[in-house]
Amino acid sequence: MVYLMRSVQSSIFNANSQSEAGVFRRLWRLCCQIALVQSGVRSYLEPVIRLMRPNYRAGLQSATLLSISQQQGDLQDAYLQLQLKAGRSFAGFVPGQHLDLTVELDGVLVTRTFSISSPLQQFWQHRTLQLTMKVQPHGGLTQQLFARAGEPLPCYIGPASGDFVLEQSQSALMLAAGSGITPLHSMLSSLSRLTRPITLIYSYRGAGNLLFADSWPQLRARFPLLTIVLRDTCIQGRLTDAEFSAALSTLKKQDGECLSAGQSAGQSAGALQQTLTKEPMLYLCGPLAFSQYWQQQAKALGISQVRQESFGLSQQSHGEAVPVSATQHGGTLQFHSQGNLLKSLEQAGLSPRYGCRRGICMQCLCTKTSGQVRNELTGHISDAGEGLVQLCISSALTKLELQLDAVSTAAQDNTSCTT
Ligand code: FES
């Protein structure tokens, strides 16, 4: 780049005519823009490539937005279903995983994380996938998608990731609330056979908020070992502890019968014993308070194997306001923080990076030089030394020093985040 800029600079001085000098001056301005704005090697070429491929973005995989359909007509309680065609470089996904969706809105790239809700077979056949999302009252991206459904918005997707995936060798009890059903729908609709029983209890508020209404009868018909309980909380109220215990007992009984049937069908005693010792896996997906509550109940009932994915954060603040010193772009700001760190930093006037705001995408990762933080999802408390912090799911417990400028790639690759 430096060599190119030197050449362009000398060409300006050695130009034979005013118009030739003008061309080189424009080229010089383009080089300066590239050198000052872009950080990665591939990014240097982005402005040039975009002259031929306007949707090209370095480091992002372009996807075609095929359609946006709405469930419920008004903004309150509306859900959107996006059909996307993935580009050739998208490697696929495991049902239950999520990905980053980036949409270009009026020249600005906005990224949020969503679970994939469609079956794997749909991707294999058509290279398409579906994202289902609730329109958030303060969610810039989902509101824009709601308002601009039908417009050809440039979209990009990141690789699928996450370990909220189905363990097929175990029976499973799945509890979902609201849009927490999306990864579970992808898991269940991707099944080709089922050898261990699964019970799904899906709670939703009002008939208009029942997602994938057409899928449930089809899945019931295809898989006799799949029990689907659709629970409208406006009519039936919330799932009670007694109903949860009863569902678990029925599942265990059904699993026992299933294993006995396997024994009589000739499965070896050793393999059978191995599977018999396995407890059901509990899958939880819904608002944080929902997941935390059922996780505690599961613990009380002796269920040790739990996989969960949550959204939204606890509303309660954690103790006293504590002093925070945050450094960004060479300046340092001191303020007091109570509760969620990302919100506190924003309220203090800083602009930390973020994506999903629910602990998935790692875009809010920053360096903590000193102080202790609490992970609002797991309750884990960090040590007081230097480490990485996910701002969106952390709250300060002691005096804290943060470096908000981007952490190095090496640091991001280090998964031993302190929260
Ligand atoms: S914003 Fe996605 S992990 Fe914090």
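These entries record what I looked up in the predicted model shown above.

**Entry 1. Ground rules**

I number residues from 1 along each chain as its sequence is written.

**Entry 2. Overall composition**

I found that the secondary structure comes to 14 helices and 18 strands; helices (H or I, at least four residues) and strands (E, at least two) are DSSP runs, numbered from the N terminus. I then looked up burial, and buried residues make up 30% of the 419 residues. A residue is buried if 20 or more other C-beta atoms lie within 10 Å of its own, exposed if 12 or fewer, and partly exposed in between, with C-beta atoms placed from the backbone. Among contacts between residues at least 6 apart in sequence, 64% join residues at least 24 apart; a contact requires C-beta atoms, placed from the backbone, within 7 Å.

**Entry 3. The parallel sheet**

I traced an open sheet of 5 strands, in the order β9-β8-β7-β10-β11, with parallel pairing. Two strands pair if DSSP finds at least two bridges between them. Strands β9 (226-232) and β11 stand at the edges with a single partner strand each, so one side of each has no neighbour in the sheet. The twist averages 10° from one strand to the next; axes are lines fitted to C-alpha atoms, for helices over the stretch in contact, and angles run from 0 to 180 degrees between N-to-C directions.

I next examined individual pairs. Strands β7 and β10 are joined in the parallel sense over 5 bridges, and L175 stands opposite L284 in β10. Strands β10 (residues 281-287) and β11 (residues 306-311) are parallel over 6 bridges, with S310 in β11 as the bridge partner of G286.

I also noted that β10, helix α12 (residues 288-300) and β11 make a right-handed β-α-β unit. Right-handed here denotes that, with the strands pointing away from the viewer, the path from the first strand over the helix to the second runs clockwise. Helix α12 lies across β7, β10 and β11 and runs at about 155° to β10.

**Entry 4. Nonpolar cores**

I looked up the largest nonpolar core, which has 51 residues; those with the most contacts inside it are L84, I157, M174, A176, L184 and Y283. Such a core is a set of buried Ala, Val, Leu, Ile, Met, Phe, Trp, Tyr and Cys residues joined through C-beta atoms within 7 Å. Its largest share, 6 residues, comes from strand β7 (residues 172-177). The core draws at least three residues from each of domain 2 (61-157) and domain 3 (172-311), the bounds coming from an automatic or database domain assignment.

Leaving aside neighbours within four places in sequence, I found L184 in contact with M174, A176, L200, Y283 and C285. Another core, of 17 residues, lies apart from the largest one and includes V324, C364, L365 and C366.

**Entry 5. Single residues**

I checked two residues other than glycine for positive phi. R127 has a phi of about 55° and is found in the loop between α5 (120-126) and β5 (128-134); R127 is partly exposed, with 16 other C-beta atoms within 10 Å. F212 has a phi near 55° and sits in the loop between β8 (198-204) and α8 (215-222). F212 counts as buried because 22 C-beta neighbours lie inside 10 Å.

Terms used. Predicted model: local features only at pLDDT ≥ 70, side-chain atom pairs only at ≥ 80, totals over all residues. Contact = placed C-beta atoms within 7 Å.
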